[in-house]
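I opened a new set of notebook entries today.

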Amino acid sequence: MYSNTDYTLAVEGLTVSFDGFKAVDDLNFYLDKNELHVVIGPNGAGKTTVLDLICGKTKATSGSIKFLNQELTELSEHAIVRAGVGRKFQTPSIYENLTVLENLEVSYPQGRGVFGALMFKRTQTVLDKIHEIAREIMLETELDTEAGLLSHGQKQWLEIGMLLIQDPQLLMLDEPVAGMSVKEREQTAELLNKISMGRSVLVIEHDMEFVAQIAHKVTVLHQGKILATGDMAEVQNDPNVIEVYLGH
Amino acid sequence: MSFVYEKLMGGKQGMVGLIILSALILVVFPMFLDSFRLNLLGKYLTYAFAAVSLVLIWGYGGTLSLGQGIFFGLGGYAMAMFLKLEASSPENTAIQSTPGIPDFMDWNQITALPWFWEPFSSFSFTIIAILVVPTFFAFLIGSAMFKRRVGGVYFAIITQVISVILTVLIVGQQGFTGGINGITDLRTLNGWDITSDSAKNIFYYVNCVLLIGVIVLSRWVLTSKFGRLLLAIRDKEDRVRFSGYDVANFKIFIFCLAAMISAIGGAMFTLQVGFMSPSFVGIVPSIEMVIFAAVGGRMSLIGAVYGCLLINFGKTVFSESFPELWLFLMGGLFIAVVMFFPNGLAGLWQDYGHYVTDRFTAIKNKILNKSTPSNDSAKKTLPETELS
């Protein structure tokens, strides 16, 4: 019914309705390899719902989500992750009682079954990978810190690192710079630009200045439908977008 | 909480706690208690299996089970069925209208041994059944609940309801189960008199060794990546799920392991006390087990054992003098622990234990400065009250 494509992610005719209310309405959306795509839109536009649908947290009413030509709508959450889709939640979702190192170790894509986890060993390969990721997310000096003691910005980075260690082909980030200081925002923009090489990244963000720093392509979502797609300048000058979103 | 965890990881302090517990139950208690008291202690230590199992499923797994009595009971009944069949040999039951079947069946006009009793004439089958039947039952309950993402208070209520159903079933099917009286008048194990003092002593030691083995096994599970994942699931279930783990499988596994551990306790109970009855299956014992774990510290395997001993000791002392007050007292104690010491005895030790260790260290240093050879003995007495 839905044909194969060259896109990393191809969303076609995606609809979800909650008791008759269509939070996402017949959405078509494509994501290229190595593309950093930002979704913006007013509150209630359905941005987070789209991420929920892709990662399997919410089940679609109809439509198709193809990731590397594999249909995701029929897979369970953990199978979608194992296929190569990583998702960061809006509020930092880390294990506060574990150290940074343990947070990354728990996310390491090995020993994912019950018995695999019982037999899992912290080998040099695992440690090397953890150090490599920790360096990337600027937390190498904090490896033994309990994650709950990190600053808000560091928690956001840690969660990004927990996804990076799984080396996903598609990385989805829900408001990664919410609550960050100006300096942290800059560092995060740099980080995102670095990690979008070799994989596709889908970001939801409100901060327009930050969006301009990172986005290759921008999609504006409004009432579950796409209002405009294009690069930052195109979108900013679109009369519809100015009307419902940027103008206010 | 994370330092409990580090302790388990570090191993040294956990090891000290384990050695002290072993020394207490294997050497100190048998030395100072008479045979009757030791047997009583052995009975308490069978409850400790259930308390330890609750540390796994509740403390670490984050899922309160109010049905550990189910598994304790299944293990106990399996052992009791074997012992009862041995006690019901045709010679022993010659006066019955149908000799060779358990007495309560005869009283209920049952004329042949029911099919599900038959395999229990084999000791090896019984041992396997003690381990497998409760685990499989837990697997069924766990799969039905956790795969559908039922958890928290709903899971607690459902396990409680199942324990009630099982009790009603046992009481109602008197001819097959012995009813409210349970399975009584157990005499021998493969021809060996289990009511003698020497047998009871041996069971006590077997019980202790099994308990220590279970604690070591549990500690291994908790210090593996599996254990860290349990804590992670308890904190942020969605994050674990969206890191590529099938969360339900982890919960099912720990629930099954907890069931198996409780069942071992139940089987040892039957051996040491000499009977099994529905009063060890239902709501009250299941909740008592939760209280043992809560008082001892639900994040501490060894603390749960001390909690179990303390509560049961209190129960014995108080119910001798104020039988009607004991339940109120235990309820009050439970509320107080949950409100003021959420980590139980083990938590108290972690918060205030350093005063004791500091004093011991001071004494040790004094001794060390005066004469070096007494090094070893000072070290040994150091963490006498170690709990976690």
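I began with the criterion for strand pairing: two strands pair if DSSP finds at least two bridges between them. I kept in mind throughout that this is a predicted model.

Entry one, the four-stranded sheet of chain A. With that criterion I looked up strand β1 (residues 9-18) of chain A and found that seven bridges join it to β2(A), the two running antiparallel. I then traced the whole sheet, which is open, has four strands in the order β2-β1-β4-β5 (chain A), and is antiparallel in its pairing. Since β2 (21-31) and β5 (70-71) of chain A each have a single partner strand, they stand at the edges, and so one side of each has no neighbour in the sheet. On this sheet I found helix α1 (residues 47-55) of chain A packed, touching β1, β2 and β4 (62-67) of chain A, with its direction at about 70° to that of β2(A).

Entry two, the six-stranded sheet of chain A. I read the strand order as β6-β7-β8-β3-β9-β10 (chain A), in an open sheet whose pairing is mixed. The edges here are β6 (85-88) and β10 (225-230) of chain A; each has a single partner strand, so one side of each is left without a neighbour. I recorded an average twist of 15° from one strand to the next. Strand β9 (residues 217-222) of chain A pairs with β10(A) in the antiparallel sense over five bridges, and A:H222 has A:K225 in β10(A) as its bridge partner. I found α1(A) packed on this sheet as well, where it touches β3 (36-40), β6, β7 (170-174), β8 (200-204) and β9 of chain A, its direction making about 145° with that of β7(A).

I counted 17 helices and two strands in chain B. Its radius of gyration is 22 Å, which agrees with the value near 21 Å that a compact globule of 388 residues would have. I noted that 45% of the 388 residues of chain B count as buried.

Key
Residues are numbered from 1 along each chain as its sequence is written. Chains are lettered from A and ligands numbered from 1 in the order in which they are written. This is a predicted model: local features need pLDDT of at least 70, side-chain atom pairs count only at pLDDT 80 or more; totals for chains, interfaces and linings use all residues. Two residues are in contact if their C-beta atoms, placed from the backbone, lie within 7 Å. Axes are lines fitted to C-alpha atoms, for helices over the stretch in contact, and angles run from 0 to 180 degrees between N-to-C directions. The radius of gyration is taken over C-alpha atoms; the globule rule is 2.2 Å times the number of residues to the power 0.38. A residue is buried if 20 or more other C-beta atoms lie within 10 Å of its own, exposed if 12 or fewer, and partly exposed in between; C-beta atoms are placed from the backbone.
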